[in-house]
Amino acid sequence: MHNSQKTIKKEKILTGDRATGQLHLGHFVGSLQQRVELQHDYEQTVLVADLQGLTDNGHNPHKVSSNILNVVADYLAVGIEPEKTTICLQSAIPALSELTMYYSNLVSVARLQRNPTVKSEVSAKSFGRSIPTGFLTYPISQAADITAFRATLIPVGEDQLPMIEQTNEIVRKLNHIAQDDILVECRPLLSKVSRLPSADGKSKMSKSLGNCIFLSSSEKEISKAVKSMYTDPNHLNIEDPGQINGNVVFTYLDAFHSDSVYVDELKGRYQTGGLGDGATKKILEECLQSILKPIRERREMFMSDKAQLIDILRAGSQKAEEESNQVLNRVKCAFGLNLFN
Ligand code: TRP
């Protein structure tokens with residue numbers, strides 16, 4: 001049910017993606033589908049986080065700059081509508097960087113080092129003692145993003161919960177300094193599927209691990225990925241009973257198939273014996289092909305008109321800039337830095 005006719009002010013939602021690669025099926029089930037739904041009932045902003053993308057790619061900026069329009073095309077291809085959702089570019093909104101500067105005075109280095117997501121990313125990326133300052137402080141920049149748009153609902157995967165917590169700490173500190181509620185606290189909206197496994201089932205689908213089915217993947221690539229999917233290694237003959245747990249084909253059927261009753265029926269047949277991996281993979285492949293074909297085609301259409309993508313991003317960024325400047329002004333006032341006002 002859409003309630004766009006209601007006159008009450010809609011709640012504000014912010015989500016974002018690092019512009020470090022094309023978006024994939026993990027993004028699709030984890031957040032993109034949800035954004036397409038939410039845009040009708042909420043005031044939604046989606047941020048192409050190019051600055052955050054740079055925090056671990058400072059020496060390889062092309063990885064970020066070359067993916068900005070890819071991400072915008074991915075958004076449009078799945079059905080995020082620029083008329084309903086403000087699509088904007090982080091680096092085009094100076095207030096976000098300025099707010100980061102102000103907030104950074106309220107957050108200790110030790111607090112950043114304790115952030116569980118930053119901690120695990122730091123060890124995974126093996127920075128050693130050379131953690132870029134920007135990387136360590138990206139939770140502050142993310143707090144700037146969230147507060148700048150006065151967003152109260154943040155659709156995220158579990159790994160982003162520590163960012164929400166840090167954001168709310170900053171909000172409380174700032175409001176205390178201002179002696180006024182100039183910033184608003186936010187809460188997470190957890191997605192149903194927050195970790196889609198890769199085809200081998202060993203890790204989550206991730207651009208950095210190179211195990212993705214992208215929204216742009218060709219029919220052949222999708223077919224190859226499904227055929228290589230990890231199932232139950234002990235399910236050797238079709239008649240044998242098979243395991244559902246850890247069976248990537250069923251995890252995907254749960255995530256993507258529209259008919260859950262049918263999927264449950266398949267699970268039953270697989271568990272008692274009599275349903276082969278070839279058959280389940282065929283069903284999954286058909287399902288993924290039918291979801292991704294129209295998305296891939298729309299994506300190609302959008303990518304063929306880069307000027308249009310840039311116009312959409314520019315218009316969204318201008319709107320976002322106006323909004324965020326208002327919050328920046330209040331924050332500057334809170335610190336007494338409003339001599340020219
Ligand atoms: N950290 C998010 C990610 O890695 C991207 C992001 C940047 C974001 N700013 C945000 C998400 C603000 C939600 C709100 O995907």
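Domain bounds here come from an automatic or database domain assignment. For this protein chain the assignment gives domain 1 (12-197 + 305-334) and domain 2 (219-301). The model is predicted: local features need pLDDT of at least 70, side-chain atom pairs count only at pLDDT 80 or more, and totals for chains, interfaces and linings use all residues. Residues are numbered from 1 along each chain as its sequence is written, and side-chain values use heavy atoms, with hydrogens and water left out.

Start with the spacing. The C-alpha centres of domain 1 and domain 2 are 33 Å apart. Contact means heavy atoms within 4.5 Å. By that rule, 15 residues of domain 1 touch 12 residues of domain 2.

Now the area. Buried area is the accessible area (1.4 Å probe) that two parts lose on being put together, summed over both. The two domains bury about 1,100 Å² between them. Carbon and sulfur atoms carry 67% of it. On the side of domain 1, L25, A77 and P197 lose the most area to domain 2. Together they make up 45% of what that side buries.

A salt bridge needs a side-chain nitrogen of Lys or Arg within 4 Å of a carboxyl oxygen of Asp or Glu. The rule finds 1 across this interface. R299 forms a salt bridge with D74, with the closest N and O atoms 2.5 Å apart.

Which elements give two or more residues to the side of domain 1 that touches domain 2? They are α1 (25-41) and α4 (68-78), helices being DSSP runs (H or I, at least four residues) numbered from the N terminus. α4 gives the most, with 6 residues.
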